[in-house]
Every structure is written in C-alpha cells, then in structure tokens.
Amino acid sequence: MVKYISTICVTVLTSLFLFPIELKAFPGMNSKKFLAAVGLVWFFINLGKYRTGRFSKDMVILSLLAVSVSLAGLIAVTYNETPDYAYATYITSMWVWMGAAYVVVHSIRLVHGSASIWLAGNYFIAVCLIQCIMALWIDSSMELKQAVDSVIEQGQDFLNSHNVERLYGIGASLDVAGSRFAAALVLLAFFLLSMEQTRFRSWMFFYILVFVFIAVVGNMIARTTTVGLLLAIGYLLYKSDIWCLQLSAESRKLWLYLGGSTLAYNSSMCLSVSAGCNLQK
C-alpha cells in the first residue's frame, strides 16, 4: 500500500514539474519554481551530508552553453533597445528546470531504488496520459471546469474564448502541453521497439493504445503534438525496417496493433459523427 501511495505522489510531482501550475492564492509562484527551491535545498543537503551532490562535466558544459545564450540575449536586448529579457535570463531558467527535475528524479530513486530512463519515461508517459484524460473530463463536466478554474490560473479565459475554445488539463494547455505530448510520443515509439526483447513485450498493445490516445487528444489540446507524432512514426518506420520489407515477428505485431487501434478509433469517430447527425435530424 505504501508503495502505491508513494508512486501516486511521484506521479503528482512529475505532473507539477512537466505541467507547472499557479494557484490563484499564490500569484507569481508556480509549482516549477517551488520544486526548484526544494531541489536546491535537497542538493546542498546531499552535498554536505552524503557528498552525493556533485557537478558533472556535462552540467558544466550545459551551464556554459546557457550562459552564452543569455549573453547573446543580453547583447540583442541592449543593441535593439527592447524590453524582452526572456533569453537574457536563460541561465536562470535552465537551473530552475534542473532544480525541479532534481526533486522528481531523486523521488523516483527513493521509491524504486533507482532512476532509469525506463522508469522516468513511464512516469512522463503516465502523466501525459492522465492530462489528456483530465482535459476530456474538464471539457465534459462544467462543475469540474469551474472547480479547476477557481483554484488554478492557466489563462483559461483565453482558452475558453469563442475564437479559441481549446481543451486544457491541469496546467496542460497550448504549446506547454504540445511539447510534452510530442516528447511522450517519441518516447513511446522508442519504448515500443525496445520492449520487443524484454519481459514487458506483453504490454505492447496497451502502450500502442496510449500512443494513439495521446496523439489524438493531444492534438485537440495543442497542434504541436503533431510534430512529435510525425517524428515518432518516422522513427518507427526507420527502425522497424518496414521500408525494406524486412519485418521481424514483433515488428509485424507492432504495426498490426497500431493499424488496428487507429482503424478502431476512426470507426468509433465515424459512428459518433453519424449518431450526432441522426440526432440533429
């Protein structure tokens, strides 16, 4: 029971990291900044107590690259006399994201004993799936929409306007959601091909259903999802060797499942549209 509760808590933390929310009671402070502050404290505790908090060579290189971006942004702002300092403070933004990620990754390690790409990726995918479900639920329930809108500030006035009318989840809307959904689709494509020779291959059909669901609902939330969908399909086509007609048994199963899921979804949509037209008549 403790393991299940801990897993749910890590899932919530992952969502607060990937899809930052700002409570109306605390304007200006979103969940990403809060996690970053916790991550900074956690890092220095590990550095002093366990000596496990250390800077890697990759982090130093990334920081230097971020500093160069900030310097270029500062020069551009000064030269053009513009008030937009977004890229001039890019190094700060990078370390805020890294601090928040530190909390999520170490929380995964505390719960599962390790923090692998597989574990972190599955949390990523699960959160995106939950956000898509929440977006549909919020759109279909006026009571839930009002409850969410009364607590969380996420530009819902613009999202609910007549010219926009876009779905949104808990902090998941427009390009913020689209970029995450796109990354989740690419990650799912990688997992689908990687799980062929693992004990998780029996979960392939479920992962394909998640892939199709995120691709469809994600596009209803943000068109940026299409970029990830195209990259994921391109990756699947290339790595499965379908273009040279040399498919393994698992690859044939993958494309059969994917085609069947897509066909089933299109059929259900056609039936829904047909039923709606009949009701109007």
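Here are a few notes on this predicted model, going from the whole chain to two spots worth a look.

1. Start with the overall make-up. The protein has 11 helices and 2 strands. Reading from the N terminus, the order is α-β-α-α-α-α-α-β-α-α-α-α-α.

2. Next, some totals. The protein has 281 residues, and 37% of them count as buried. If you take contacts between residues at least 6 apart in sequence, 66% join residues at least 24 apart.

3. Now look at helix 1 (residues 2-18) and helix 4 (residues 90-112). They pack with their axes 10 Å apart, at an angle of about 165 degrees. Angles over 145 degrees count as roughly antiparallel, so that is how helix 1 and helix 4 run relative to each other. The crossing of helix 1 over helix 4 is left-handed.

4. Who makes that contact? From helix 1 come Lys3, Ser6, Thr7, Val10, Leu13, Thr14 and Phe17. Helix 4 brings Trp97, Ala100, Ala101, Val104, Ser107, Ile108, Val111 and His112. As a reminder, an α-helix has 3.6 residues a turn, so residues three or four places apart point the same way.

5. Which residues of helix 10 are buried? They are Thr225, Gly228, Leu229, Ala232 and Leu236. Viewed down the axis of helix 10, these buried residues fall within an arc of 100 degrees, so they line one face of the helix. Leu230, Leu231 and Tyr238, on the other side of helix 10, are exposed.

How values were computed. Residues numbered from 1 in each chain as written. Predicted model: local features only at pLDDT ≥ 70, side-chain atom pairs only at ≥ 80, totals over all residues. Heavy atoms only, no water. Buried < 20%, exposed > 50% of the residue type's maximum accessible area, 1.4 Å probe, protein only. Helix = DSSP H or I, 4+ residues; strand = E, 2+ residues; numbered from the N terminus. Arc of directions from axis to C-beta. Axes fitted to C-alpha atoms, helices over the stretch in contact; angles between N-to-C directions. Parallel < 35°, antiparallel > 145°, perpendicular 65-115°, else oblique. Left-handed = near helix turned anticlockwise from the far one by under 90°. Contact = heavy atoms within 4.5 Å.
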